[in-house]
Number of protein chains: 2
Amino acid sequence: MTNQVIVLNKRPSGKPTTNDFKTLTEQAPDARQGEILLRTKFVSVDPYLRGRMNDKKSYVPPFELGKPISSGIVAEVVESKSEAFAKGDFVTGSLEWKEFQTSDGKDLVKVDPQAVPLSAYLGAAGMTGRTAYFGLLKIGRPVKGDTLVVSGAAGAVGSIAGQIGKIMGCRVIGIAGSDEKVNALKNKFGFDEAINYKTTKDMAAAIAAACPDGVDIYFDNVGGEVSDAVFQNLNINSRVAVCGSISGYNTEEENKGPRLQPIINTKRVLMQGFIVSDFDDEAEEANKQLVTWIKHQEIKYAETIVEGFDKIPQAFIDLFEGRNEGKMIVKV
Amino acid sequence: MTNQVIVLNKRPSGKPTTNDFKTLTEQAPDARQGEILLRTKFVSVDPYLRGRMNDKKSYVPPFELGKPISSGIVAEVVESKSEAFAKGDFVTGSLEWKEFQTSDGKDLVKVDPQAVPLSAYLGAAGMTGRTAYFGLLKIGRPVKGDTLVVSGAAGAVGSIAGQIGKIMGCRVIGIAGSDEKVNALKNKFGFDEAINYKTTKDMAAAIAAACPDGVDIYFDNVGGEVSDAVFQNLNINSRVAVCGSISGYNTEEENKGPRLQPIINTKRVLMQGFIVSDFDDEAEEANKQLVTWIKHQEIKYAETIVEGFDKIPQAFIDLFEGRNEGKMIVKV
């Protein structure tokens, strides 16, 4: 049985291109005693993977040249030589970009295809949802009546962060890069206001107009000039959850802007970066809460599902063009 | 009895000059029933006063043109028509730049001239000491073995922040602007290492060399390029207490630098601004602890004492030239 595998062909310079990836064909593996054989069903492509393609230490080690990329995957157990799993089970975890692979199952979690659709475990009911959940609740610490601004708001994490903000009683303003996204934020995800940063000349003024009481919480997915404009509107004792900084991921030149210290100092801002695994102790509780909110339609999620194992690199590249609405997923 | 009063003559543009201030002579006031008459003994001049000289909302309202400046002052009660104070008492609080003034005593605290020298209540045993204490303990959260970097380290707040860091078991590195200050940090204040940023070409490399285990806590008094260099060396889960940003106080041009979001994000940095009054509930406890540390010589402090009421404006201006070692105080 043949098996397709996508490896890192060369490290991207600036924006990734299809040439940075290569598809190899090899023999599919067999499960040994204690192992399971998995067939990949859904693959998550995420902006943070770009960082791992650089040869630079970060919170996770860089991908190796010529070796498979890994990301969040939902897979089906097609053969089990492990007592912990049965054929037909579905699991999720960090797995490699392979059609088939074996695993000892240690870092995999079984998921229930009846509770929510399988792809949701890569998004709203999985790492993406938890990222929004922990960033907003642990760093943003929303209080009823607070004003929350979310950048990258139509993205997978941003749209959920905003909806959890609404559940917590905040006034929620989203920033996104197209009129379609702005419409989705207001009409699908229930944001109070949304701003298209690509067509707005004076973002600081637009944010001030949308936030008459100033900004208490900023859930930041983008960094860059959008964040500079939000900072102009921060209230005293405001909180900034730094979830991502996609505007700078592909820059080779120095990413410069107004220094933040004077605002952080005079407004006593708390600004904190985080990754979802900082809160792994509470992941199970968060997953349960997210599944409940999804079932009760208190959280809606958008997915852009691309079909075909060979489409994984292009789907990843398209993230940086903003071609996705919500979570970008490849169905295999 | 005549009384000299220093008022804000015009709002400084960039660095303050003596022309921004004016000394008026008026009749000294009389204490009314319930009031005390105070004679100014020691006046604190502080960088943050520069911000209040702009016509711009901040955490405290701006000074008014033609009206007296106020700052931390130690004064002697020369006449009391209040039951709470006796002639000969010494008090401290925010008072006006006047030789004599009356007060209802509400926001004043009595201080003991036997415990520590009176001027210390404007510095190590007062607001300055508490600023270092709360910034380091509440935001920096030092753990034994942590590496602490302090910028503006030879300043009033910085030198105390570093010494509290030593008491907490940290390795402490100071950054200052002259070889004299570097010597004082190492030989007087017990810092483990100190760096002269004015004579060091590659600050990021110098900090890396002084901090082989990276930086866990950064107590930031300066902002600007020095802080950019410290950020290059922050560890995962590090904490940055943003106490001040003196490098930008006098800039009229835009204060730009590398954006911090990518580092805050990947290193999960907590960065927080604060002012000492955020922790007023715990001020009494902090004051007691500081007086004890000073008495036991666990905290040493430097003062630059200038004599003469008319020297207050120049002493303030000299702060921005780094002419002080430790707390800048005017003795009247």
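Predicted model: local features only at pLDDT ≥ 70, side-chain atom pairs only at ≥ 80, totals over all residues.
How many salt bridges are counted between chain B and chain A? The count is four.

**Stop 1: the interface**

Select chain A and chain B together and display the residues in contact. Chain B contributes 34 residues to the contact, and chain A contributes 35. The size of an interface is often given as the accessible area lost when the parts come together. Between chain B and chain A, the buried area is about 3,000 Å², and carbon and sulfur atoms give 51% of that area. Next, show the side chains of B:Asp278 and A:Arg268. These two side chains form a salt bridge, with an N to O distance of 2.6 Å.

**Stop 2: two packed helices in chain B**

Now select residues 127-140 of chain B, which are helix 2, and residues 283-295, which are helix 8. Two packed helices are described by the angle between their axes and the distance between the axes. Here the angle is about 105° and the axes are 10 Å apart. Angles of 65 to 115 degrees count as roughly perpendicular, so helix 2 and helix 8 of chain B are described as roughly perpendicular to each other.

To view the contact, display B:Gly129, B:Arg130, B:Tyr133 and B:Phe134 on the helix 2 side. On the helix 8 side, the residues they meet include B:Ala283, B:Glu285, B:Leu290 and B:Trp293. The residues of this helix contact comprise six nonpolar, three polar and two charged.

**Stop 3: B:Phe63**

Move to B:Phe63, in the loop of chain B between helix 1 (49-52) and strand 4 (70-80). Is this residue buried or exposed? B:Phe63 has a relative accessible area of 3%, so it is buried. Leaving aside neighbours within four places in sequence, select its contacts: B:Leu8, B:Arg11, B:Leu49, B:Arg52, B:Met53, B:Ile69 and B:Ser70. For a distance check, B:Gly51 is 12 residues from B:Phe63 along the chain, and their C-alpha atoms are separated by 9.2 Å.

**Stop 4: B:Leu95**

Finally, select B:Leu95 in strand 5 (residues 90-96) of chain B. The relative accessible area of B:Leu95 is 7%, and the residue is therefore buried. Beyond its neighbours within four places in sequence, B:Leu95 is in contact with several residues, among them B:Leu38, B:Ile73, B:Ala75, B:Gln101 and B:Leu108. B:Ile69 and B:Ser70, already selected as contacts of B:Phe63, are also in contact with B:Leu95. To end the tour, draw a line from B:Leu95 to B:Lys300: the two are 205 residues apart in sequence and 26 Å apart in space, C-alpha to C-alpha.

Note on methods
Residues numbered from 1 in each chain as written. Chains lettered and ligands numbered in written order. Heavy atoms only, no water. Helix = DSSP H or I, 4+ residues; strand = E, 2+ residues; numbered from the N terminus. Buried < 20%, exposed > 50% of the residue type's maximum accessible area, 1.4 Å probe, protein only. Contact = heavy atoms within 4.5 Å. Axes fitted to C-alpha atoms, helices over the stretch in contact; angles between N-to-C directions. Parallel < 35°, antiparallel > 145°, perpendicular 65-115°, else oblique. Nonpolar A, V, L, I, M, F, W, Y, C, P; charged D, E, K, R; others polar. Buried area = accessible area lost by both parts, 1.4 Å probe.
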